[in-house]
Amino acid sequence: MNLLSIEHLSKSFGSKELFRDLSFGIEQGQKVALIARNGAGKTTLLRILQGKEIPDSGEVVFGKDLRVGFLEQDPTFVPGDSVYDSLFRSDSPQLQAIQAYELALDRYERKQDHDSQLALQEAMQYVDEEQAWDFESQIRQILGRLNINDLDQDASTLSGGQKKRVALARLLIENPQLLILDEPTNHLDIEMIEWLEAYFERNDISLLLVTHDRHFLDQVCTDILELDRFQLFRYKGNYEYYLEKKAEREFNEERETDKAKNLFKKELEWVRRQPKARGTKSKSRLQDFDLLKEKVKSGKRQEELELNFKMNRLGGKVIELHHIHKAYGEKKIISDFSHVFKKGERIGVVGKNGVGKSTLLNILTGNEKVDAGKVIHGETLVVGYYSQEGLSLPEDMRVIDVVKEIGNGIPMKDGSVLNAVQLLKMFQFPPDVQHGFVSKLSGGERKRLFLLTILMENPNFLILDEPTNDLDLMTLGVLEDFLSNFPGCLIIVSHDRYFMDRLTDQLFVFEGDGRIRGFIGNYGDYRMLREIEDNLKKVESASIRQNDPDVRNEKSEGSDGRRKLSYKESRELEELNQRIPELEARKKRLESDLLAYSADHEKLTMLGKEMEVLLDQLDEAEMRWLELNEFGADI
């Protein structure tokens with residue numbers, strides 16, 4: 001079934017053309033990613049689909065009675081609404097029953113008085129009447145996975161990341177037939193993203209999304225739409241397939257352009273030899289010449305962004321942390337952490353949102369003081385800090401003036417110096433944008449400008465806090481190439497697993513309650529170890545549980561002679577009903593990866609180990625599920 005049809009869509013802003021004559025469709029079950037350079041019109045296209053922008057020509061047709069959900073980059077909520085209001089405003093009887101139950105449960109857990117207990121019982125009866133318990137379990141999982149706890153909080157007081165998670169939860173709860181998502185993984189930690197991948201894989205959801213997260217693209221998407229030079233190219237496959245076919249397309253285009261250039265030279269000589277008065281036959285040839293000229297112009301490859309700057313010398317002493325402590329009131333952020341940084345270290349910082357990753361970065365830069373311990377900076381240290389907050393600039397300032405205010409240029413390894421105009425061109429800012437105002441820049445263009453201003457400081461210690469947000473895939477690839485050869489120290493906080501795995505060789509893992517764990521290896525290595533540890537803990541827990549007299553007492557028989565499930569076991573069964581499909585989806589992905597990397601011995605060995613751990617987890621989960629179903633009544 002065709003859910004969405006785009007027919008001959010075009011859009012320009014003044015003299016700037018974004019796209020022309022776009023046509024594509026989305027069928028039920030397809031998960032389609034839209035990718036393009038920053039400023040090419042991705043967000044504008046999504047705003048047209050949402051009805052917030054008007055196209056210059058063409059039309060957008062949604063299927064009849066289709067339920068469509070939109071996730072914007074920066075969601076907004078009705079002023080005065082609580083998180084609860086923002087999540088559950090719906091006409092669905094099931095959802096209204098769950099609304100009442102969630103609110104009653106939240107109040108009971110906080111007050112636990114007689115009135116709140118009666119309200120909870122009434123809400124539970126309402127859910128029974130609407131047969132909405134399965135729906136309730138799904139909603140609780142969504143809220144739990146996205147770390148949404150305080151339903152009474154005013155939605156307008158939420159941070160940008162919290163708003164994004166609430167907006168995403170609202171869409172998943174509403175369960176529309178077609179989801180249109182703008183950067184859905186921004187502001188999610190890695191665990192949330194992995195859960196979201198599994199959620200989209202195991203549910204029959206149709207997607208159109210804009211994302212820079214290559215691992216997410218690879219795992220979730222069935223189709224890639226690339227918006228390039230005003231045109232749309234479609235690839236039936238995931239991100240890896242897209243890269244292969246895009247390279248083939250560009251190779252063929254380059255050959256065609258070379259042929260056109262040779263013909264263009266001959267035709268240009270003919271045009272220059274013609275007298276001013278030309279006959280009808282000559283006019284026809286001139287029209288062909290104009291078309292050929294346009295083909296040669298459109299075939300020009302965009303200049304590659306190459307970063308080969310000369311770094312300030314970094315001495316033997318870099319940064320030393322000795323037994324540092326940091327807390328906010330009763331909440332421990334860092335407890336007795338020590339590390340002596342060395343030249344060339346490449347460290348990723350991972351952990352759930354709110355555990356203190358950005359606090360550590362601010363301590364390293366000197367923007368925050370520790371409560372106890374010592375922080376020692378080397379004399380030659382030059383820190384470049386790419387923060388989540390970005391660059392704060394007057395909106396009426398010209399882009400080129402932003403760069404000139406910082407310095408005259410950047411020294412290169414070959415001894416030359418790149419001036420402001422050259423630097424901006426290298427960072428994909430054409431002359432009209434260079435002399436335009438900051439207010440006209442897109443989110444991705446602002447990020448690129450921020451990155452440029454940091455590199456102009458010629459740092460030897462780079463700290464990057466979520467650097468991949470809002471950068472296009474081309475810029476990400478170039479940034480990765482530069483960072484791969486960066487000889488100084490590198491600290492990265494990112495939810496982009498592809499980016500982290502390529503650039504880091506050790507981790508600082510924030511485990512909560514102030515604990516920071518050092519780990520040698522990248523995130524892929526750590527994830528494999530964590531699954532093994534989790535598996536061992538579950539086996540150990542199951543063994544302890546069998547010998548626990550309190551647990552044995554829970555297994556008393558009911559009046560019908562069958563063993564009744566305890567409350568804890570009932571909750572465990574609910575979790576297993578969600579966990580087993582997730583494990584099966586991961587098993588299916590791994591099987592595909594094992595076939596895809598059959599010629600790569602190192603990758604194959606790593607995937608084989610991951611499969612062993614996964615199969616053990618799946619066997620354990622299925623055995624426990626069978627045990628609970630065998631003894632439970634009315635499951």
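1. Two strands are taken to pair if DSSP finds at least two bridges between them. The model is a predicted one, and in it strand 12 (residues 346–350) and strand 18 (residues 489–493) pair in the parallel sense over four bridges. Within that pairing, Gly348 stands opposite Ile492 in strand 18.

2. These strands belong to an open sheet of six strands, which follow the order 14-17-18-12-19-20 with mixed pairing. Strand 14 (383–386) and strand 20 (515–520) are the edge strands, each of which pairs on one side only. On average, neighbouring strands of this sheet are turned by 15 degrees against each other, direction ignored.

3. The axes of helix 3 (residues 93–111) and helix 4 (residues 114–130) come within 8 Å and cross at roughly 155 degrees. Since angles over 145 degrees count as roughly antiparallel, helix 3 and helix 4 are therefore described as roughly antiparallel to each other. Helix 3 passes helix 4 in a left-handed crossing, and the residues that meet across it include Ala97, Tyr101, Ala104 and Tyr108 in helix 3 and Leu120, Ala123, Met124 and Val127 in helix 4.

4. Helix 6 is followed by Asn175, whose phi is positive, near 55 degrees.

Technical notes: Residues are numbered from 1 along each chain as its sequence is written. This is a predicted model: local features need pLDDT of at least 70, side-chain atom pairs count only at pLDDT 80 or more; totals for chains, interfaces and linings use all residues. Side-chain values use heavy atoms; hydrogens and water are left out. Helices (H or I, at least four residues) and strands (E, at least two) are DSSP runs, numbered from the N terminus. Axes are lines fitted to C-alpha atoms, for helices over the stretch in contact, and angles run from 0 to 180 degrees between N-to-C directions. Angles under 35 degrees count as roughly parallel, over 145 as roughly antiparallel, 65 to 115 as roughly perpendicular and the rest as oblique. A crossing is left-handed if the near helix is turned anticlockwise from the far one by less than a right angle, and right-handed if clockwise. Contact means heavy atoms within 4.5 Å.
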